[in-house]
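I opened the model this morning and kept notes as I went. The entries follow in the order of my look-ups.

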Amino acid sequence: MRIIEHTANIGPQDIGDCSAEKHLWWRHGTKPGDRLVVGFEAPAAGTYNVVGRFVTSGDYGIVRLAINGAVAAESLDLYSRRVQVTDELPLGTYELAAGENRLEVEVIGANPAAKPDYMFGLDYLRLEQVGGE
């Protein structure tokens, strides 16, 4: 994945339950209205189901997700009492270009129980080609 646009700090954080024992961690200074745009690769042009796996914690925010400009999750609450990795979450079916596509993340708020640091964690995106081999 390639980081295209961001505010605040971003980088890897070690978490043993993540797929590569790290996740992409957007942190320290994120606030409502801030955006993160990450490029991800599709192996060929076509229709894909996109699923994501995220990290939750007591100081993570509520985000809106879009893929190539189309809303994938209007309001994804990443609050939990402890650091944990989500199950895979379906984000929808999209026409993707061969090569780089975009995941857009916008902070829209925080769960009332959360420490309002509005952080975000992405373990991975997985693409399943529809009707492909």
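**Surface.** How much accessible surface does the protein have, and what percentage of it belongs to carbon and sulfur atoms? I read off about 6700 Å², with 48% belonging to carbon and sulfur atoms. Accessible areas come from the Shrake-Rupley method with a 1.4 Å probe, and for residues only the protein chains shown count as cover.

**Ground rules.** I noted that this is a predicted model, in which local features need pLDDT of at least 70, side-chain atom pairs count only at pLDDT 80 or more, and totals for chains, interfaces and linings use all residues. Residues are numbered from 1 along each chain as its sequence is written, and side-chain values use heavy atoms, with hydrogens and water left out.

**Fold.** I counted 11 strands and 0 helices. The pattern along the sequence is β-β-β-β-β-β-β-β-β-β-β. Strands (E, at least two residues) and helices (H or I, at least four) are DSSP runs, numbered from the N terminus.

**Size.** The C-alpha trace spans about 45 × 30 × 25 Å along its principal axes. For 133 residues a compact globule would have a radius of gyration near 14 Å, and the protein agrees with its 14 Å. That radius is taken over C-alpha atoms, and the globule rule is 2.2 Å times the number of residues to the power 0.38.

**Packing.** I found 47% of the 133 residues buried. Buried means under 20% relative accessible area, exposed over 50%, and partly exposed in between (1.4 Å probe, protein chains only). Of the contacts with a separation of 6 or more, 76% join residues 24 or more positions apart. A contact means heavy atoms within 4.5 Å.

**Aromatic pairs.** My search of the whole structure gave 2 aromatic pairs. Rings of Phe, Tyr and Trp (its six-membered ring) pair if their centres lie within 6.5 Å; planes under 30 degrees apart count as stacked, over 60 as edge-to-face and the rest as tilted. Why is the pair of Trp26 and Phe120 edge-to-face? The ring centres are 6.5 Å apart and the planes stand at 80°, so Trp26 and Phe120 are edge-to-face. Trp26 lies in strand S3 (residues 22-27) and Phe120 in strand S11 (residues 120-129), so the pair ties together parts 94 residues apart in sequence. Both Trp26 and Phe120 are buried. Ring pairs also bring in Phe54, making a cluster of Trp26, Phe54 and Phe120.

**Phe54.** I followed Phe54 next, in strand S5. Phe54 is buried, because its relative accessibility is 0%. Leaving aside neighbours within four places in sequence, its contacts include Leu65, Leu76, Leu78, Leu91 and Phe120. Glu88 is 34 residues away from Phe54 in sequence, with 7.8 Å from C-alpha to C-alpha.

**Gly46.** Strand S5 (residues 46-56) also holds Gly46. Gly46 counts as buried at 15% relative accessibility. Not counting residues up to four places away, Gly46 touches Tyr94, Glu95, Leu96 and Gln129. Ser19 is 27 residues from Gly46 along the chain, and their C-alpha atoms are separated by 25 Å.

**Positive phi.** Most residues other than glycine have a negative phi. I noted that Ala8 has a positive phi of about 60°. Ala8 sits in the loop between strand S1 (2-6) and strand S2 (9-14). Is Ala8 buried, partly exposed or exposed? At 28% relative accessibility, Ala8 is partly exposed. Glu21 also has a positive phi of about 60°. Its place is in the loop between S2 and S3. Glu21 counts as exposed at 52%.
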